[in-house]
Amino acid sequence: MMTRVEQEPGSARRPKRDREATRRRILNAARDLFGEHGYDGVTVRMIAARAEANTALVNRYFGSKAALFGEVLAGESVIRGVIAGDPGGLPRRLAEHFVRLLDQGSVTAMSRMLDRSAGQPEVKEILLHYLEDVIVEPIVAQLDGPDARARALLASTIIMGGGPVRRLLGLNDLRAADPAELTDRLTAMFTAALAPLPTSRLPAS
């Protein structure tokens with residue numbers, strides 16, 4: 001139930017812990033609803049109702065639905081921790097992360113958010129910044145040699161490309177496969193993607 005202080009966004013008497021708890025409820029509600037319906041299918045009123053807050057509080061704490069979407073993205077991703085660490089182990093960590101998502105048996109809220117919100121003009125820039133800041137640039141920072149960005153983008157394609165396949169074909173066949181073999185195959189894929197590109201050569205004269 002909403003407390004009186006939560007119903008009065010301008011009240012200076014609201015304890016900090018109540019503000020933080022309300023803010024967390026809003027973030028959790030937004031994450032779940034964006035995952036269920038995609039960005040375009042969710043309204044601020046829906047988020048407020050799920051969080052047992054009011055729309056004024058959602059706008060007060062986050063400014064807009066788009067800004068709230070961006071904050072959910074920034075706070076929920078575990079890929080940051082996967083990428084961080086020993087550069088030599090990066091292909092294996094990415095492969096293990098992919099397989100862990102399969103083993104969960106259901107698509108995560110983060111994956112649904114990305115799958116169902118891509119292509120929405122209002123959050124295009126937010127998604128671009130997310131991919132750059134959370135995936136591409138951290139991978140680039142792990143790489144030595146030329147064409148680091150091209151190699152990071154190739155690996156990012158493997159990471160993010162599961163969405164369309166999941167939506168259209170499902171992942172039951174992958175889940176039925178041996179996890180160790182899948183991890184080995186994916187490690188080889190990420191290793192190849194992240195390796196320096198062959199130096200281009202001029203045609204022999």
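**View 1. Buried residues of helix α8 in the predicted model**.

**View 2. Length and bend of α8**. Helix α8 covers residues 124-142. Its 19 residues should span 27 Å at 1.5 Å a residue. The end C-alpha atoms lie 26 Å apart, so the span agrees with that expectation. The helix also bends, by about 40°, at Glu 132.

**View 3. Packing of helix α2 on helix α3**. Helix α2 runs over residues 44-51, and helix α3 over residues 55-62. They pack at an angle of about 105°, and their axes are 8 Å apart. Angles of 65 to 115 degrees count as roughly perpendicular, so α2 is roughly perpendicular to α3. On the α2 side, Val 44, Arg 45 and Ala 48 make the contact. Thr 55, Val 58 and Asn 59 make it on the α3 side. By type, the contact residues are three nonpolar, two polar and one charged.

**View 4. Surroundings of Ser 117**. Ser 117 belongs to helix α7, residues 109-117. Its relative accessibility is 0%, and buried means under 20%, so Ser 117 counts as buried. Leaving aside residues up to four places away in sequence, Ser 117 touches Gly 38, Tyr 39, Phe 69, Val 123 and Leu 127. His 37 is 80 residues from Ser 117 in sequence, yet their C-alpha atoms are 8.5 Å apart in space.

Terms used: Residues are numbered from 1 along each chain as its sequence is written. This is a predicted model: local features need pLDDT of at least 70, side-chain atom pairs count only at pLDDT 80 or more; totals for chains, interfaces and linings use all residues. Side-chain values use heavy atoms; hydrogens and water are left out. Axes are lines fitted to C-alpha atoms, for helices over the stretch in contact, and angles run from 0 to 180 degrees between N-to-C directions. Helices (H or I, at least four residues) and strands (E, at least two) are DSSP runs, numbered from the N terminus. Angles under 35 degrees count as roughly parallel, over 145 as roughly antiparallel, 65 to 115 as roughly perpendicular and the rest as oblique. Contact means heavy atoms within 4.5 Å. Ala, Val, Leu, Ile, Met, Phe, Trp, Tyr, Cys and Pro count as nonpolar, Asp, Glu, Lys and Arg as charged, and the others, Gly among them, as polar. The expected span of a helix is 1.5 Å times one less than its number of residues. The bend at a residue is the angle between axes fitted to the seven residues ending there and the seven starting there. Buried means under 20% relative accessible area, exposed over 50%, partly exposed in between (1.4 Å probe, protein chains only).
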